[in-house]
Amino acid sequence: VIEVLEPALAETRRQIAWAKKTLERAKLDTRRVLAALAKTGRTRLRRDQWLWEPLDRVPRCVRATPLVRVRPGKLAHRLADGPGTPGAVGEFFHHLTGSELATMELYARCSYEHPSMPEEFHQDYSRVTWDEARHADLALRMAKKYGLPFGSMTIDVSAYETNYQYLTCKPGTRQELLWRLLIQGTFQESLIIEGFPLQAKKMRFAKCEDAARVPDVLAEEEVAHVAIALKWARYLCDGDKERVMEVRERAHLYQHQQVMEFRRRYVAEDPDRAIAETEKLQAYGKAARKRFPFSIKVYVNREARRSAGFTEPEITQIVNWGYFFP
Ligand SMILES: [Fe+2]
Ligand SMILES: [Fe+2]
């Protein structure tokens with residue numbers, strides 16, 4: 001944990017130093033503003049003076065060249081390195097960098113676009129946003145260390161772009177926010193709880209001990225993120241846990257159908273390419289089962305899910321979707 005937090009601490013110190021330097025320059029202006037405020041007799045700023053209504057909508061995240069997005073519907077991203085090799089570790093972290101950045105942006109927008117949510121919501125999501133930035137930084141360093149600096153492969157922005165808006169929700173509404181929190185916060189991110197310890201195990205097998213610590217730590221940290229998403233999803237459903245489950249069911253079905261639709265379009269465009277990719281993926285899975293001397297099946301971690309705040313029916317709901325074994 002220390003090895004993970006030390007670079008983050010160094011980065012925070014660097015940012016504080018930058019802020020101090022910048023504020024130094026702005027000091028005169030700040031003094032003038034404070035003096036003007038003192039004259040009006042107001043010592044506190046009204047909330048709308050520092051947290052305003054959103055000025056825009058941003059359905060697509062900006063990615064500058066040379067970063068290239070992965071085509072929606074594509075299955076096998078690269079798989080150039082065999083399972084259990086340092087190259088595969090690099091690919092994992094390259095993909096993760098893209099997801100962490102996209103997740104960071106999504107949560108930052110959740111806070112920015114909903115100024116009327118309680119103070120605690122903004123505190124929670126500012127912290128989560130910072131966590132995701134730190135995760136992205138860790139993944140970025142590891143990808144580079146394992147031979148794949150960010151941008152050397154196509155990048156994934158789906159965490160943001162498939163969750164920013166939904167055809168079923170009016171843009172900018174609390175219903176849209178609820179769907180974002182339920183899908184990305186309580187479902188997608190919760191898969192890390194079970195999935196990442198296995199990734200760490202595979203990395204240890206490949207003798208990449210330094211890399212293995214990252215998914216281990218991330219799996220622990222995501223429990224807190226899931227707990228926060230769950231808390232605010234319940235808040236948005238007036239504490240009605242049944243309703244949380246109903247909306248999650250609908251939102252998951254919607255997203256599943258979207259994924260299938262992207263895939264259908266991708267396959268229709270060039271069936272031969274799609275078949276070749278599916279075969280490559282299946283061969284990779286077979287090679288992985290052969291390579292690792294342990295089971296690579298993922299089982300539900302009920303204890304971790306309980307500690308994140310899931311009820312038993314909620315755990316069963318996600319188990320029933322088939323992303324891991326009961
Ligand atoms: Fe993360
Ligand atoms: Fe997270």
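Glu132 and Glu222 are both buried, where buried means under 20% relative accessible area with a 1.4 Å probe and protein chains only. This is a predicted model, in which local features need pLDDT of at least 70, side-chain atom pairs count only at pLDDT 80 or more, and totals for chains, interfaces and linings use all residues. Residues are numbered from 1 along each chain as its sequence is written, chains are lettered from A and ligands numbered from 1 in the order written, and side-chain values use heavy atoms, leaving out hydrogens and water.

**Iron site**
- The iron ion (ligand 1) has Glu100 (OE), Glu132 (OE), His135 (ND1) and Glu222 (OE) as protein donors, 2.0 to 2.5 Å away; donors are N, O and S atoms within 2.8 Å of the metal (3.2 Å for Na, K and Ca), and sites may look incomplete because water is not among the atoms.
- Glu132 also coordinates the iron ion (ligand 2), which lies 3.4 Å from the iron ion (ligand 1).
- Glu132 sits in helix 4 (residues 119-145) and Glu222 in helix 8 (residues 209-236), so this pair ties together parts 90 residues apart in sequence; helices are DSSP runs (H or I, at least four residues), numbered from the N terminus.

**Helices 9 and 12**
- Val244, Met245, Arg248 and Glu249 of helix 9 meet Pro313, Glu314, Gln317 and Ile318 of helix 12, with contact meaning heavy atoms within 4.5 Å.

Methods
Helix = DSSP H or I, 4+ residues; strand = E, 2+ residues; numbered from the N terminus. Buried < 20%, exposed > 50% of the residue type's maximum accessible area, 1.4 Å probe, protein only.
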